[in-house]
Amino acid sequence: MTTASERLLTRAEETGLPAARDPQSPPAPLLALRDVRIGDRSDGREIVHGVSFDLTPGKVVGIVGESGSGKTLTCRAALGILPAHFDVTGGTVEIGGTDITGLTPARWTALRGATIGAVFQDPASYLNPSLRIGKQIAEVVRVKKGLGRRQARGRVLDLLHAVRLRDPELVHDQYPYELSGGMLQRVLIAAAIAADPRILIADEATTALDVTVQAEILDLLADLRERAGLALVVVSHDLAVVAQLCDEVLVMRQGEVVEQGPTRTVLDEPRHAYTRLLIDEHEQYGLEKFRTPQGLTPREDA
């Protein structure tokens, strides 16, 4: 019978990463950023000035800030997909204890989807409009999991059900243009978790959705975290989203982390003027539901 340690070693060999620690040991970071700096080669400017955080299994780290603050560049650095003229100029990004700067294209291909996945703001931009939904997710499953056609179809239907689409069979055979924004976002999440990654980066994944659908997507992400131990990085300009979902928050402004710490502490006792400004601006848009005169409303799992 295969032991837990043997299973961890097998997974490490498949992804090209070092073996994970024994389950009885304290969890090691799945994703670790250490003083990450990002520069723009086109003009020599440093755009992101030293971002650091650890992401362990089941943990949710939120990154908030205005447009252009460096949130998305930081996440793209972790995914190894920075735009052509941007580079990591300092610090390190580690996935499973391995510095990603040394990864070959083949190892990156093994990592993406199987260890780290992402969901972005505009799902329509990441789906082929000429292919049915089922076929697009099945391609991920067949490449990453090595399943045959029939097994892949079953897996896709399970995934569509897992992301709470009401009629998986119908959605499986539909084209992207036939689905609503909320349904498309669920499809993108299904594709992102198709190969059972341990890390999911959600970059403004709820921004374009109405309040009701946004709440449903956040509930879905929380459920994936609880059921699968998925570690999440949630990027948002909305503090109410962070208050609802995240354990730790980084507040970014002009490429710099101006405040960082446990979500309750940062939102209840902000130290930086910019954080206080964000809180004041968001009070009228739903943040007050997560705060009391004594601080944040305790989460049920606390």
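**The second largest pocket**

Let me begin with the second largest pocket, which is lined by 21 residues; Gly113, Ala118, Val140, Ala191 and Ala192 lie nearest its centre. Please bear in mind that this is a predicted model. The space in the second largest pocket amounts to about 560 Å³. Which elements supply at least two residues each of this lining? They are β6 (116-119), α4 (133-145) and α7 (181-192). With 7 residues, α4 provides the largest share of the lining. Sorted by class, the lining of this pocket comprises 15 nonpolar, 3 polar and 3 charged residues.

I turn now to Gly65, which sits in strand β3, residues 60-65. Is Gly65 buried or exposed? Gly65 counts as buried, because its relative accessibility is 3%, and the limit for that class is under 20%. Leaving aside residues up to four places away in sequence, Gly65 touches Lys71, Ser236, His237, Met252 and Tyr274.

Asp238 is 173 residues from Gly65 in sequence, with a C-alpha to C-alpha distance of 8.4 Å. Asp238 belongs to the loop between β8 (231-236) and α9 (239-245). At a relative accessible area of 16%, Asp238 is also buried. A polar atom of the Asp238 side chain lies 2.9 Å from the backbone nitrogen of Ala240. Beyond four places in sequence, Asp238 touches Gln214 and His282.

**Salt bridges**

How many salt bridges are there? The count comes to 16. One of them joins the side chains of Glu66 and Arg253, at 4.0 Å from N to O. This pair links distant parts of the chain, 187 residues apart: Glu66 is in the loop between β3 and α2 (71-79), and Arg253 is in strand β9, residues 248-253. Glu66 is partly exposed at 33% relative accessibility, and Arg253 is partly exposed at 34%.

A further salt bridge connects Arg164 and Asp223, at 3.5 Å from N to O. Arg164 lies in the loop between α5 (149-162) and α6 (168-172), and Asp223 lies in helix α8, residues 211-228. These two residues are part of a network of salt bridges that links Arg164, Asp219, Asp223 and Arg227.

Finally, Arg271 forms a salt bridge with Glu259, with the closest N and O atoms 3.7 Å apart. Arg271 is exposed, at 66% relative accessibility, whereas Glu259 is buried, at 4%.

Key. Residues numbered from 1 in each chain as written. Predicted model: local features only at pLDDT ≥ 70, side-chain atom pairs only at ≥ 80, totals over all residues. Heavy atoms only, no water. 1 Å grid on protein atoms, 1.4 Å probe; cavity = no way out; pocket = protein on both sides within 12 Å on 5 of 7 lines; lining within 4 Å. Points joined across faces, edges and corners; volume = space filled by probe spheres on them. Helix = DSSP H or I, 4+ residues; strand = E, 2+ residues; numbered from the N terminus. Nonpolar A, V, L, I, M, F, W, Y, C, P; charged D, E, K, R; others polar. Buried < 20%, exposed > 50% of the residue type's maximum accessible area, 1.4 Å probe, protein only. Contact = heavy atoms within 4.5 Å. Polar contact = N/O pair within 3.5 Å; in protein donor to acceptor, adjacent residues only side chain to side chain.
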